[in-house]
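Hi,

Here is the structure I said I would pass on. Have a look at it first, and my notes follow below.

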Amino acid sequence: MKRHKAILSIFLILTLLSGCSRYSSEVVLIENEPPAEQEHLFLSVFGYKADALNLTAIENILNLHMEQNPDIVVTYEGVKGADYWNALERRAQANGLDDVFMVDHDHVIELTGQGKLADLSELPAIEKYQDIMKEQFINKDGSAYFLPICISAYGLYINYDLLEAHGQKVPENWSDFMDVCNYFVKKGMTPIVANNYTSLKHLIVARSLYSVYQQDSAAAIERFNREPEELANALRPGIKMVEKMIHCKWIDCAETLTTDQTSDDLKLFVGGDRPFMVTGGWATPRVAAMNPKFSYGVHPFPILDDGGVLVINANTCISVNADSEHLDEAMQLVECITQPDCIWEYCDSQSSYTPLQDDRIPADETILPASACLERGQIVIGSDYRLNLPLGTSLSEITQQMLMGMSADEAATLLNRLLEQ
């Protein structure tokens, strides 16, 4: 039997992504090449991952699905960065959602409320997920409107060679971190590379909510949902910490406002004159591809008085369009994607952790310090799907304002207002 491979193409185009407006975006397309004589059913997948290793994993998954279902043609369209979320929102508004697409916390809340997400609770893969992940996507009524494909981790990238050259040790707690950062500031160096998307908000939740995840987090989340002001107050320690980082010049505010995630921030870090970078551990393949001239590793954030904390998220979350013309086939595609070996290949391709009951860890040695923290349970969930509040977008707004001069007290007041809207 003829074996048909998925075709991968990456190009810069002007494309009508939303059906509403034109703009320039890097788009990745992966699609099957089926037999010409065979009748086909077409499915579309829309996603935001576009790295080479990710694409290889996605291509392999599509090839597996194609072998199992030779009559179905699947096209994967991947768009980088914020352009993806803009396009997803426009497609939802125009009732033009793809059969399968990727979502995040705030979009799950919005799209579920609009009845646009299909219930995935009957898929067999659900029983294979870790309990901490089931808590994220199984609702009280048993419904499930998305499934995570990986657990992403956010931590502190450390340039070991630069620390050694300056006689500084790897920081293990808040006191250590302050000492090292202040040392580099006195040397006229900005110690921390931060991006304008996730860095500061992950630092805030790491500092503020660690105690929540060391006890009955479900009760705390329910309380926050009832009283958004309690969440805003709980986040004050992290907001104050970021204010201190800005005041002490550990972060260059003007630079951070224009530093894109897993792009500009990586270039700054690979330059070799910054000891630290705050971003996702899943960016290590990109860093390695840039051939840094120093050794580095990804550590938990050393921001607790007695240690560090790792921020994790249920990530690369996929949903099915409730109005898909091929709903059963779209469900079958998700069932294929969530097979343990498919999930593992994807996770390993981006140095992330499997959400399944599986003891495999990524082969990337640079994330071993972060992995040890995860195994010890020193974690905070950065975007908890049990939280029915727009925390991600609200934190993005206040951190942008703080970079432009807003005080911690003003930012906490603004956060409270945004959460209650």
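The angles run from 0 to 180 degrees between N-to-C directions, and the axes are lines fitted to C-alpha atoms, for helices over the stretch in contact. Helices themselves are DSSP runs (H or I, at least four residues), numbered from the N terminus.

Some housekeeping. This is a predicted model, where local features need pLDDT of at least 70 and side-chain atom pairs count only at pLDDT 80 or more, while totals for chains, interfaces and linings use all residues. Residues are numbered from 1 along each chain as its sequence is written, and side-chain values use heavy atoms, with hydrogens and water left out.

Now to helix 17 (residues 391-403) and its partners.

Helix 10 (residues 236-247) packs against helix 17 at about 30 degrees, with the axes 11 Å apart. The two are therefore roughly parallel to each other. Ile239, Val242, Glu243 and Ile246 of helix 10 meet Ile398, Met402 and Leu403 of helix 17 (contact means heavy atoms within 4.5 Å). That contact has six nonpolar, no polar and one charged residues; Ala, Val, Leu, Ile, Met, Phe, Trp, Tyr, Cys and Pro count as nonpolar, Asp, Glu, Lys and Arg as charged, and the others, Gly among them, as polar.

Helix 18 (residues 408-420) packs on helix 17 at about 155 degrees, with axes 9 Å apart, which makes helix 17 roughly antiparallel to helix 18. On the helix 17 side the contact includes Leu391, Ser394 and Glu397, and on the helix 18 side Ala408 and Leu419 are among the residues. By class there are ten nonpolar, two polar and one charged residues in the contact of helix 17 with helix 18.

What about helix 7 (residues 199-209) and helix 17: at what angle do they pack? It is about 110 degrees, with the axes 9 Å apart, so helix 7 is roughly perpendicular to helix 17. Helix 7 brings Leu200, Lys201, Ile204 and Val205 to this contact.

Last, the second largest pocket: 19 residues line it, and Ile138, Asn139, Tyr385, Arg386 and Asn388 lie nearest its centre. (A pocket is an open set of points on a 1 Å grid over the protein atoms alone where a 1.4 Å probe fits, with protein on both sides within 12 Å along at least five of seven lines; lining residues have an atom within 4 Å of a point.) The lining of the second largest pocket has nine nonpolar, six polar and four charged residues.

Cheers

Methods
Angles under 35 degrees count as roughly parallel, over 145 as roughly antiparallel, 65 to 115 as roughly perpendicular and the rest as oblique.
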